[in-house]
2 protein chains.
Amino acid sequence: MKCITIVEDEALMREELSDILRKAGYQVDEILTFDHVAEQLLERSPDLVLLDLNLPGDSGFQVCRELKRKSAIPILVLTSRDQLRDELHALDLGADEFLTKPCRRERLLARVANVIRRYEGRAHLLEGSGFLLDRQTYTLYLDNRSVVLPKNQGKLLEVFLIHRGEIVTKNDLCLALWQTTEYIDENALQVNLTRLKKTMASLGMRQQIAPVRGVGYRLIAEDGQTS
Amino acid sequence: MKCITIVEDEALMREELSDILRKAGYQVDEILTFDHVAEQLLERSPDLVLLDLNLPGDSGFQVCRELKRKSAIPILVLTSRDQLRDELHALDLGADEFLTKPCRRERLLARVANVIRRYEGRAHLLEGSGFLLDRQTYTLYLDNRSVVLPKNQGKLLEVFLIHRGEIVTKNDLCLALWQTTEYIDENALQVNLTRLKKTMASLGMRQQIAPVRGVGYRLIAEDGQTS
DNA sequence: TCCGATCCTTACACCATCTGTAAGTGTTCC
DNA sequence: GGAACACTTACAGATGGTGTAAGGATCGGA
């Protein structure tokens, strides 16, 4: 069953939304304290967030931005402020849908179902600059193509993406590959890195794995930007 | 550069939309004959379709349904009919966004960008009931998991999804597997089907491949509905 | 209820691909 | 120039996908 978290401070409206969604077969969950909202949401990691813009603590925009930076949880912004500016801003911050209150029950449910459907299977996607990586299968999405990476190459790229732009030590990489740091086979790691580089190049990716002498590696864009 | 195809019979409106989108940096493409619209769209396979509901030939709904059955190309329905019924119907048929004309330039562009962003990397996804299949890698998305199917199993499932619910002949399946109908190895096909069934079962999929004696197979939901 | 046609299962051997090993070649920087 | 570090290449073992073969199960008409 799909789980939805409502972020709305007006009790009456919250009850109403909750009721509608529950009757439609969703498991509903409510945020009741309005600071560190994004963290609370990350904690619960629902399948969808219903977010009001006017909150007592954090602003809805702030929540939106923060949540989207750290996850791919879909957000439906629902507000009484009927302002184009708000809508554009919310969408720009990564919201997936925008509705104004009051809102017909049918429309709400249709949009909710729509967003959830569109997010099917995206839960484990890591975002790189210009591509996506599925953490479960190591399927790489790039432009209009998709490729399944060999497990080891996938694991390496995954580590680089989790530490976006930062330096990744050889230890980190070895751990990711073999779940142990005891017996570090630098050479084997090296070979796997070379292979990843080769496939990235063959896919025309504009990222490079650059060595940081004596420490580890970093994933950078070709123009020098950290990725 | 992202490519958008406009399906709109009114020349004036078409020009205006085209202009707005081009200025925003999209490559724009227009459909000018309004039958077999879905096929034309599949041919071009743009990154987004802007679809009017009132068309001289095919109805917009029809186009929507047909396109979504055979691809995951995102559709933004743009219509002058401001009816909740239309909106619900369009969304139900798989449309991704719904806007009413006239529409502010900024809102249009925001929604377009939003849909395209959400679809990053989803271009080759086929939709089944309750799961998605990547046609390039045969990655299967189901609930919150994803699995890469072996090539043959992927090819078979792909054929079933393209002919959703219809009967698929052994010929079709052999063609998909070996690109030839000359030498049909019924047994090899059989074994591959068994393997697909087994992985589907192990994933808890509520679809079944049912034999149609003497003809071929059909993918049906466990409750008997064609999938 | 029997029998042939159709459909299904299982085990095995082949083959492609991924992976680690080994040995040697570049590169950097003091 | 040399030592540490980084990279490349080729090879062989392991893994997992595929076709083959043989036999078992099921269906449906006589």
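**View 1. Leu76(A) is found in strand β4 (residues 75–79) of chain A.** Helices (H or I, at least four residues) and strands (E, at least two) are DSSP runs, numbered from the N terminus. Please keep in mind that this is a predicted model, where local features need pLDDT of at least 70, side-chain atom pairs count only at pLDDT 80 or more, and totals for chains, interfaces and linings use all residues. Residues are numbered from 1 along each chain as its sequence is written, chains are lettered from A and ligands numbered from 1 in the order in which they are written, and side-chain values use heavy atoms, with hydrogens and water left out.

**View 2. The surroundings of Leu76(A).** With a relative accessible area of 0%, Leu76(A) is buried; buried means under 20% relative accessible area, exposed over 50%, and partly exposed in between (1.4 Å probe, protein chains only). Leaving aside residues up to four places away in sequence, Leu76(A) touches Leu48(A), Val49(A), Leu50(A), Leu51(A), Glu97(A), Leu99(A), Arg111(A) and Val112(A). A contact here is heavy atoms within 4.5 Å. Cys64(A) is twelve residues from Leu76(A) along the chain, and their C-alpha atoms are separated by 9.6 Å.

**View 3. Chain A, the setting of Leu76(A).** Eight helices and twelve strands make up the list of elements for chain A. Its C-alpha atoms fill a box of roughly 65 × 35 × 30 Å, taken along the principal axes. Of the 227 residues in chain A, 50% count as buried.

**View 4. The largest nonpolar core, with 26 residues.** Such a core is a set of buried Ala, Val, Leu, Ile, Met, Phe, Trp, Tyr and Cys residues joined through side-chain atoms within 4.5 Å. Ile4(B), Leu21(B), Tyr26(B), Leu50(B) and Val112(B) have the most contacts inside this core. Two or more residues each come from β1 (3–7), α1 (11–23), β3 (48–51), β4 (75–79) and α5 (105–118) of chain B. The largest share, five residues, is given by α5(B). Among the residues that Ile4(B) touches, not counting those up to four places away in sequence, are Leu21(B), Tyr26(B), Leu50(B) and Val112(B), as well as Pro46(B) and Ile116(B).

**View 5. Gln40(B) in helix α2 (residues 37–44) of chain B.** Gln40(B) is buried, with a relative accessible area of 18%. Ile31(B), Thr33(B) and Asp35(B) are the residues Gln40(B) touches, not counting residues up to four places away in sequence.
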